[in-house]
Amino acid sequence: MEVGFISFSSPISSALHNPRSRFFSFQQQRHCLIVAAMSNDPIREWIVTEGNATKIKGIRSIGGGCISNASCYDTDAGPFFVKTNRSMGPSMFEGEAAGLTAMFETSSVRVPKPYKVGSLPTGGSYIIMEFIEFGAHKRDQSAIGRKLAEMHKSAKSNMGFGFHVDNTIGRTKASKESKTSVSECCDEAMLASWRFMEWEYHL
């Protein structure tokens, strides 16, 4: 099982170098090292426990948006898609997970199923989700339109237009406050994005 490295200054490492450690079996020592290493990496910990993997074969960057990093964790239980953000807390990814779950449950547009959201020990947050390998781009815009229509028709809400939790568009917050029309939702999102750019770039 590949779970990273452990510092020789750690209490567990010191204990293993103690003469009494000869009474530890090899499996006990190995287990201590694994637990210590995983405790500092919640992503690996989830993958090799709840993700049912026994080995992480590799981690590759697959780009991402303007604020988060995206990676594919290749394991013996299949690949996982992981996004991390070093400056924002888990609320952003919690909103993303809620949105993906709602879309996934419509069985219309194919979206990755979210598995886990959490905080990083060094600050920031992460989300683990299903990895989807995209095939050849068919450019069938009419099929995409029909799937989007199916998704929206399946929604049942008396709230009007919006979503039941706060979300984000990049760093821009999208309020869960319901609107009376789609155009009102879009107008507010565009204004919020413009205000953020004014603040970020001193426009």
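How many bridges join β4 to β5, and do the two strands run parallel or antiparallel? In this predicted model, five bridges join β4 to β5, and the strands run antiparallel. Together, β4 and β5 form a hairpin. Five residues lie between the two strands. Gly123 sits in this turn and has a positive phi of about 110 degrees. Individual pairings can be named. Ser119 has Ser125 of β5 as its bridge partner. Val117 stands opposite Ile127 in β5.

Five strands form an open sheet in the order β1-β2-β3-β5-β4, and the pairing is antiparallel. β1 and β4 stand at the edges. Each has a single partner strand, so one side of each is left without a neighbour in the sheet. From one strand to the next, the twist averages 20 degrees.

The chain as a whole holds six helices and seven strands. Along the sequence, these elements follow the pattern α-α-α-β-β-β-α-β-β-α-β-β-α. Of the 203 residues in the protein chain, 28% are buried. Among contacts with a separation of 6 or more, 46% are between residues 24 or more positions apart.

Helix α4 covers residues 91-104. Its length can be checked against its geometry. At 1.5 Å a residue, its 14 residues should span 20 Å. The end C-alpha atoms are 20 Å apart, which agrees with that expectation. The helix lies across β3, β4 and β5. It runs at about 15 degrees to β5. Its buried residues are Met92, Phe93, Gly95, Ala97, Gly99 and Leu100. Those residues pack against β3 (80-85), β4 (114-119), β5 (125-130) and β6 (167-169). A general point bears on helices of this kind. An α-helix has 3.6 residues a turn, so residues three or four places apart point the same way.

The interior was examined next. In soluble globular proteins, nonpolar side chains tend to be buried together. Here, the largest nonpolar core has 13 residues. Within that core, Phe81, Met92, Ile127 and Met129 touch the most other members. β2, α4 and β5 each supply at least two residues of this core. The largest share, four residues, comes from α4. A second, separate core has twelve residues, including Ile43, Ile56, Val82 and Leu120. Beyond its neighbours up to four places away, Met129 touches Phe80, Phe81, Lys83, Glu96, Leu100, Pro112, Lys113, Pro114 and Tyr115.

Two serines were considered in detail. Ser68 is located in the loop between β1 (56-61) and β2. Its relative accessibility is 8%, so Ser68 counts as buried. The side chain of Ser68 makes a polar contact of 3.3 Å with the side chain of Asn85. With neighbours within four places left aside, Ser68 is in contact with Lys83, Thr84, Asn85, Met92 and Phe93. Met92 and Phe93 are also among the buried residues of α4.

Ser71 is placed within strand β2, which spans residues 69-75. Its relative accessibility is 18%, and Ser71 therefore counts as buried, since the cut-off for burial is under 20%. Ser71 and Ile59 are twelve residues apart in sequence, yet their C-alpha atoms are 6.6 Å apart in space. Ile59 is one of the residues that Ser71 touches.

Two loop residues have positive phi values without being glycine. Asn52 is found in the loop between α3 (42-47) and β1. Its phi is near 65 degrees. At 62% relative accessibility, Asn52 counts as exposed. Ser107 is found in the loop between α4 and β4. Its phi is near 55 degrees. Ser107 is exposed, with a relative accessible area of 63%.

Note on methods
Residues are numbered from 1 along each chain as its sequence is written. This is a predicted model: local features need pLDDT of at least 70, side-chain atom pairs count only at pLDDT 80 or more; totals for chains, interfaces and linings use all residues. Side-chain values use heavy atoms; hydrogens and water are left out. The expected span of a helix is 1.5 Å times one less than its number of residues. Buried means under 20% relative accessible area, exposed over 50%, partly exposed in between (1.4 Å probe, protein chains only). Contact means heavy atoms within 4.5 Å. A polar contact is a pair of N or O atoms within 3.5 Å; within protein, one must be able to donate a hydrogen and the other to accept it, and residues adjacent in sequence count only if both atoms are side-chain atoms. A nonpolar core is a set of buried Ala, Val, Leu, Ile, Met, Phe, Trp, Tyr and Cys residues joined through side-chain atoms within 4.5 Å. Two strands pair if DSSP finds at least two bridges between them. Axes are lines fitted to C-alpha atoms, for helices over the stretch in contact, and angles run from 0 to 180 degrees between N-to-C directions.
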